[in-house]
Amino acid sequence: MDRLDAMLIFLSVVDKGSLVAASRALGRSPATVTRAVTLLEQRSGERLLHRSARRLRLTDSGERHAAVYRSVLAELSEVEDADKRGVKNDSALSGSFSITAPDLFGRLKLLPVIEDFLAEHPLVRARVLLLNRIVNLVDEGVDMAVRLAPLPDSGIVAVRLGEVRRLVCASPGYIARCGAPRAPAELRAHACLGEDEAKERELWQFVDRGSPRQRAISVAVQPRIALNGAVAAIDAAIRGNGICRARCYQVIEHLAAGRLVRVLSAFEPGPIPVNLLFHRVPRRNRVLRAFIDYATPRLRAELTAIAAAMV
């Protein structure tokens, strides 16, 4: 068994979550799959997988090696794709990348950048996962992630793109009819629009900027309408049905058009950082490097413009 074959089998084990599932997916014997993992562990001198009766997961060393293996196989695939397509110009970019982002940010801000990049590089393919959950880049085989949250310490490289703010908004019609809350606690007397239909109450966070230490304030609101996402809550707010919470990029056009008005702006919590995450090793991949260099200034400019409009 050669090393590249072992890498491919190992990544299938990671992606499928077990040796048996990888064996079935690849049409290889369980003994072959086990031998591939053992070969790579022997060559690295480290355990790459924690194996138990219930689950299989990567060790810290396994995460680093999996990132390297994906990078090596992606670069090899890129070269082979170019050969198959008869691409003679070494400067022509070909291959693929995968990226994940929160659903609405991805639809509004990231997808236009990806589409423009692909238009400039017709031999490149993209896999885009728009999900409102944290995606483990190694376990789920994703190259990059746009993350809107503080980052824990990890081996992931993070490029700062900017920041976003969490706003509370209502339509002019609602405010004319019901008034605007002057303090977070007054939200309890208003029709609030939730974005998680599974919760009877939602905890809305604020900051008292008038206090010496800018005291954090949490208000448990009981939504008048509990919806299954921010888009539906924003739409309901525009129709005058209550007060919604949203991130600034989700409502900036509605604010500019006068369909929504910010309320409780003096109590808005601090900004949320926005970062582009990727493993250190895949920077060697031409397609990933090119997309990161292309997307970073454009997304930064978008977020800078939104921040300026929020002042």
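**Exercise 1.** In this predicted model, are Phe97 and Phe117 buried or exposed? Work out as well how their two rings are arranged and which parts of the chain they join.

*Solution.* Begin with accessibility: Phe97 is buried, and Phe117 is buried too. Next take the geometry, where planes over 60 degrees apart count as edge-to-face. The ring centres of Phe97 and Phe117 lie 6.0 Å apart and the planes stand at 70°, so this pair is edge-to-face. Finally, place the residues: Phe97 belongs to strand 3 (residues 94–101) and Phe117 to helix 5 (residues 103–120), so the pair ties together parts that are 20 residues apart in sequence.

**Exercise 2.** Which aromatic pair do Phe117 and Phe291 form, and which residues make up the aromatic cluster with them?

*Solution.* For Phe117 and Phe291 the centre-to-centre value is 5.2 Å and the angle between the planes is 80°, an edge-to-face pair. This pair links distant parts of the chain, with Phe117 in helix 5 and Phe291 in helix 9 (residues 286–310), 174 residues apart. Both Phe117 and Phe291 are buried. One aromatic cluster is formed by Phe97, Phe117, Phe291 and Tyr294, and over the face of Tyr294 lies Arg298, at 3.7 Å from the ring centre.

**Exercise 3.** What is the strand order of the open sheet of 5 strands, and which are its edge strands?

*Solution.* The order reads 11-8-12-7-13, and the pairing is mixed. Strand 11 (225–226) and strand 13 (261–263) each pair on one side only, which makes them the edge strands. Strand 8 (residues 192–194) pairs with strand 11 in the parallel sense over 2 bridges, and Leu193 stands opposite Ile225 in strand 11.

Conventions
Residues numbered from 1 in each chain as written. Predicted model: local features only at pLDDT ≥ 70, side-chain atom pairs only at ≥ 80, totals over all residues. Heavy atoms only, no water. Phe/Tyr/Trp six-rings, centres within 6.5 Å; stacked < 30°, edge-to-face > 60°. Helix = DSSP H or I, 4+ residues; strand = E, 2+ residues; numbered from the N terminus. Buried < 20%, exposed > 50% of the residue type's maximum accessible area, 1.4 Å probe, protein only. Lys NZ or Arg CZ within 6 Å of the ring centre and 35° of its normal. Pairing = 2+ DSSP bridges.
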